Amino acid sequence: MHVTFFCTHRIIRLLTVVLLTGRLAFLVSLPYSLYGQRSAKGGREMGNSSSSSTNPRFSSATSSLAVQSQNSHGEFVSPSVFKAYFGIPDPLGGRMFDLATEKRRDQKLTFEDLVIAKAVYEKGTKDEIEEFIHQLLDINGDGTLGRSNLEAVLAAILDDLFSRKDRDSGSSSNKYMIDVLLNAATFLKCDVGNDEESMSFEDFKSWCSLLPSVRKYLVGLLMPPNSGRPGSKVPHLLYPDDSASNLILMKEYAWLIGGAISQQELEEWRLLYHSSRNGLSFNTFLGSVSNFEGPTVLIIKDKEGYIYGGYASQSWEKHGGFYGDLKSFLFQLFPKASIFRATGANNNLQWCAVNFSSETIPNGIGYGGRVNHFGLFLSASFDHGHTFPCTTFGSPCLSKSNQIHPEVIECWGTMPKVSQQESADAVRGTVLERFKEDRHMLNMVGVANSSE
């Protein structure tokens, strides 16, 4: 399927989106401010003169994007200015501009183009958004999402997020992570004579559900990069200097896991326990994490080389049965990356049994499944465990075999810097206040909202 816009559809879409989001006042001003307003000198005023001062993040923007594009009337935005403003790396930047301008190939993005693109890309239905992303990743525009398309897109994403400061080994690290991400995908052979594998739309949607960080990054591309857009946040990892060489958790892995948790938990992650530093001991593990009140990320590298683990939304403490909530999930990191969220099939989410003598209450920690048949379980000896497919998370066996033998175990505590109350306060206010970011961005494109 492909998103096709006809004139009537464009008007209906714009009306629907504006009415559903409460932006009626914004809609009323559109006919008068689509390309800016004439000044007394006969020139064109690009945006409301007071707009930039109301938002400090845009106070340094002394001219609109249209003016920066150096076209004679300030009526459109050029590809280079568009990509620079939104911080979209190529090949994604060029493809996004192509889709936003409805493939006209005229190198001119108008205000109407941008509003409609944002309407579908950010405010559309789940299917519409995923269809838009599917087209976005088809960087060749040939109607086929090939493996080479995904490799190029993932390389651009990883380079954008990590290469500038965090990579020392260049493209080799990129290649490693690209392979890990693509190993979670399902590809089909193309037509006879074409050796490249491709991905169907349904398989693409399944792949996105397994990699929420990738989906969040792609969905947030039309938000200004300085607004903390989703999918671009990488937790700052805190750990002792002497643990650096033994860490399993790379920043790329933290980004992948972070796609399934709240933005507030992506500030800092602190290393609470590491088996090479603290020893393979259940009691030591509990002692190390017991003083941390909050969600944790448990990561295991077993002797087969597989890396996987679980996110526990509640603290680890002694229980005689399952506990926890639906925020918990399981994940794989190597040889393929996938996130398995709670399905709601049951409430068997977290397990932490200590010093029980009954076989029906196995001592150790676990996630999902059922007693003695967990989605992931580490025995109290910490030298063995198991992993089985489970309906709790819709997850498969996480390792090469059901029985696991850990080589390294890590546990990280997620440390939000913003309280829940502050987060709740941030989304309060009028509809116009909540959409202020979009409105200021549109003003910079060259739109003066006459209703302000």
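Among contacts (heavy atoms within 4.5 Å) between residues at least 6 apart in sequence, 63% join residues at least 24 apart. The structure is a predicted model, so to speak for its limits: local features need pLDDT of at least 70, side-chain atom pairs count only at pLDDT 80 or more, and totals for chains, interfaces and linings use all residues. Numbering runs from 1 along each chain as its sequence is written, and side-chain values use heavy atoms, with hydrogens and water left out. 

The protein has 18 helices and 17 strands, taken as DSSP runs numbered from the N terminus (helices H or I, at least four residues; strands E, at least two). Of its 452 residues, 50% count as buried, where buried means under 20% relative accessible area, exposed over 50%, and partly exposed in between (1.4 Å probe, protein chains only). The exposed surface comes to about 20600 Å², with carbon and sulfur atoms supplying 50% of it; these areas come from the Shrake-Rupley method with a 1.4 Å probe, and for residues only the protein chains shown count as cover.

Next, the nonpolar interior. A nonpolar core here is a set of buried Ala, Val, Leu, Ile, Met, Phe, Trp, Tyr and Cys residues joined through side-chain atoms within 4.5 Å. The largest one holds 73 residues, and Leu-92, Trp-207, Leu-218, Trp-269 and Ile-299 touch the most other members.

On to the rings. Rings of Phe, Tyr and Trp (its six-membered ring) pair if their centres lie within 6.5 Å; planes under 30 degrees apart are stacked, over 60 edge-to-face, and the rest tilted. The count by this rule is 19 aromatic pairs. One of them, Tyr-85 with Phe-86, is edge-to-face at 4.9 Å centre to centre and 80 degrees between the planes.

The charged end of Lys-318 sits over the ring of Phe-356, 5.0 Å from its centre; the rule asks for NZ of Lys or CZ of Arg within 6 Å of the ring centre and within 35 degrees of the ring normal. Glu-130, found in helix α8 (residues 126-137), counts as buried because its relative accessibility is 2%. With residues up to four places away in sequence set aside, Glu-130 touches Phe-201, Phe-204, Lys-205 and Arg-215.
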